[in-house]
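Here's a quick briefing to keep open next to the structure.

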Amino acid sequence: MLKSDHIPIRKFFRTFASKETTTMKKLVIFDLDGTLLNTIADLGNATNHALEQCGFPTHPISAYPRFVGSGVRKLIERVLPESARSAERVEAMLPYFREYYDAHMTCETRPYSGIPELLEQLTGRGVAVAVASNKYQAAVEELISHYFPEISWAAVEGQKDGVPVKPDPSIVFEILGKHPTPKADVLYVGDSGIDMETARRACVDSAGVTWGFRPVAELREYRADNIIEVPSAILRLCAL
């Protein structure tokens, strides 16, 4: 019998019997932080550096999974004492974060187990892969080129001025503009409710991963179409 914190029976069968029920996916869009890469220590260290430089208390790295996911500005806002949360304060701290993170973003960050192999298998079988992240564009490009240099990406999209952050679906539409694909043939993979909501708003199928920064309960709350525990399950969702 499945334990309560495992995949619900309905989702279990959708995930592992997907060869009979899922259309062949031609494009898989991945979130970055908490999905492809475990970036939490480097993000936490950079944020704590910015807090220290501005005279605010820091947080243990273990607290950071609940702060991240909505871009750097929102991250800084969340870690500040409530009385200090202002747009001006966030803007003043951003340069400290960026300078530190740009120099240290690969110190402790690592791909999740099975992710490099998954990307190789997907692209080797003709499935296009892309990245949609709320992290600023320059950092996304640096991390992707550093950790996945052999992968040919259909698009690598991060946060850009003038483009709303997830869960606004604009980033998905940007990817589809660069790699036109019917929405029925797209799978969006992420670790948070923000990702599941992004997929829902973009009208594409979603897969919530359990190895990231957010609890399974959040994925269920935001109505993930599939919940998966290991990267290789994505191959089954793609009906490969």
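Which residues have the most contacts inside the largest nonpolar core? They are Phe-30, Leu-36, Phe-97, Leu-122, Phe-148 and Trp-153, and that core has 58 residues. Bear in mind that this is a predicted model, where local features need pLDDT of at least 70 and side-chain atom pairs count only at pLDDT 80 or more, while totals for chains, interfaces and linings use all residues. Numbering starts from 1 along each chain as its sequence is written, and side-chain values use heavy atoms, leaving out hydrogens and water.

**Nonpolar cores**

- A nonpolar core here is a set of buried Ala, Val, Leu, Ile, Met, Phe, Trp, Tyr and Cys residues joined through side-chain atoms within 4.5 Å.
- Buried means under 20% relative accessible area, exposed means over 50%, and partly exposed is in between (1.4 Å probe, protein chains only).
- Leaving aside residues up to four places away in sequence, Phe-30 touches a list of residues including Leu-36, Leu-118, Leu-122, Val-131, Val-189 and Ile-234; a contact is heavy atoms within 4.5 Å.
- Apart from the 58-residue core lies another one, of 15 residues, with Leu-27, Val-172, Val-186 and Ala-199 among them.

**Aromatic rings**

- The whole structure holds four aromatic pairs, counting rings of Phe, Tyr and Trp (its six-membered ring) with centres within 6.5 Å; planes under 30 degrees apart are stacked, over 60 edge-to-face, and the rest tilted.
- Phe-97 and Tyr-101 are a stacked pair, 5.4 Å centre to centre with 20 degrees between the planes.
- These two sit four residues apart in helix α5 (residues 87-104), so about one helical turn separates Phe-97 from Tyr-101; helices (H or I, at least four residues) and strands (E, at least two) are DSSP runs, numbered from the N terminus.
- Phe-97 is buried at 0% relative accessible area, and Tyr-101 is buried too, at 1%.
- Tyr-101 also pairs edge-to-face with Tyr-136, with centres 6.5 Å apart and planes at 70 degrees.
- Because Tyr-136 lies in strand β4 (residues 128-136) and Tyr-101 in helix α5, this pair ties together parts 35 residues apart in sequence.

**Cysteines**

- There are zero disulfides, a disulfide being two cysteine sulfur atoms within 2.5 Å.
- For Cys-203, the nearest cysteine sulfur is that of Cys-238, 19 Å away.
- Cys-203 is exposed at 55% relative accessible area, whereas Cys-107 is partly exposed at 45%.
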